[in-house]
Amino acid sequence: MTQFCYNRGCQKNFTSVNDPSVDDTACQYHPGLPYFHDAYKIWSCCQKKSHDFNTFLSLPGCTRGPHQPNKPEEPVAPQSNEQPPITTSKPVPRQEMPKPQTPDVQRPPIDAPLIPMKLVVGASLRTALDKLSNTAKTDTNEIAQTSDEVKPGTACKHAACGARYTTIEEEQATPCRFHPGVPIFHEGMKYWSCCQKKTTDFESFTAQPGCSEGEHLWRSEKPESTDEEDPETLKKSCRYDFHQQGSSVVLSIYAKMPRPDQTQVELNAGRLKVDTRFGTDMRTKRFCNEWELFGLVDVDRSTVELLQTKIEINLKKAEALSWPRLDRPLQLS
């Protein structure tokens, strides 16, 4: 006879106990209860956890024993047999809990000095930078690509163009339609900063035709001298995004492989400045930007971590305030 096992983590069909293949160790299950904490699903018995619910349910059990053919009863809260004493006195008024006190932080003036933040370098970034330093500084493919000769089949470097080089005549006859801006991903929406055509589907986003027309770019642009770079242009060199997490505002700057020795993050209670060099090869790009923050932050409790794919800045709020945006609107200044 086939029966269903009600042990957590097993829940399989098994044959009756008369079957000699069934023994006291035939069932692999979780004797504990599941609980949920910080987006994790966790078994209390073995602390195995997962973000994905289906993966959590498929985690193998940590204990072996006999199958359980009977459905266990739901636990019932214990009830006390004692009767509450009868009293004729007036009810005691409820005392209101004191509201949490927030630190009295004043917005500093616009020219207030900024405090350099301590940079925590992640293990993945250290490994990637070590691997990069051990590779050759010159790549023969890049040398050929940056020379005056453009090989047939070379793809246009402009975003969303997709054209490939054949001859000079065809190059001049076919205009380049591209996006001069950068891709932005925010709250599930994907769009280009230049034309603001928003979509939630990634395939539709990549298929959007360019909003500008010009000449094709067959060679990678050489980085300009850092002394002549314009900060207004630099802040467009990589995208960034933020989200709120409890009492924190987490800013993610998607600068791949930031250089710790060329990165500086400065902060005061109302202003943030980031200046970094990043890149997946020996030639780096620069990102530099400042924000007049929407709310006030606690500088001492804020942190900065450099990861392989981004810079993550955890800003601790100094006041119980929801941030609808990262920077402060001009009309509030």
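Is E213 buried or exposed? In this predicted model, local features require pLDDT of at least 70 and side-chain atom pairs count only at pLDDT 80 or more, whereas totals for chains, interfaces and linings use all residues. Residues are numbered from 1 along each chain as its sequence is written, and side-chain values use heavy atoms, with hydrogens and water left out.

E213 is exposed, at a relative accessible area of 55%, where buried denotes under 20%, exposed over 50% and partly exposed the range in between (1.4 Å probe, protein chains only). The side chain of E213 forms a salt bridge with that of R177 at 3.3 Å, N to O, a salt bridge being a side-chain nitrogen of Lys or Arg within 4 Å of a carboxyl oxygen of Asp or Glu. R177 is partly exposed, with a relative accessible area of 41%.

The structure holds eight salt bridges. In another of these, R271 and E292 are paired with their closest N and O atoms 2.8 Å apart, and both residues are buried. K310 and E312 form a further salt bridge, at 3.2 Å between the closest N and O atoms; K310 is buried, with a relative accessible area of 19%, whereas E312 is partly exposed, at 25%. Through shared partners, salt bridges join R107, R271, E290 and E292 into one network.
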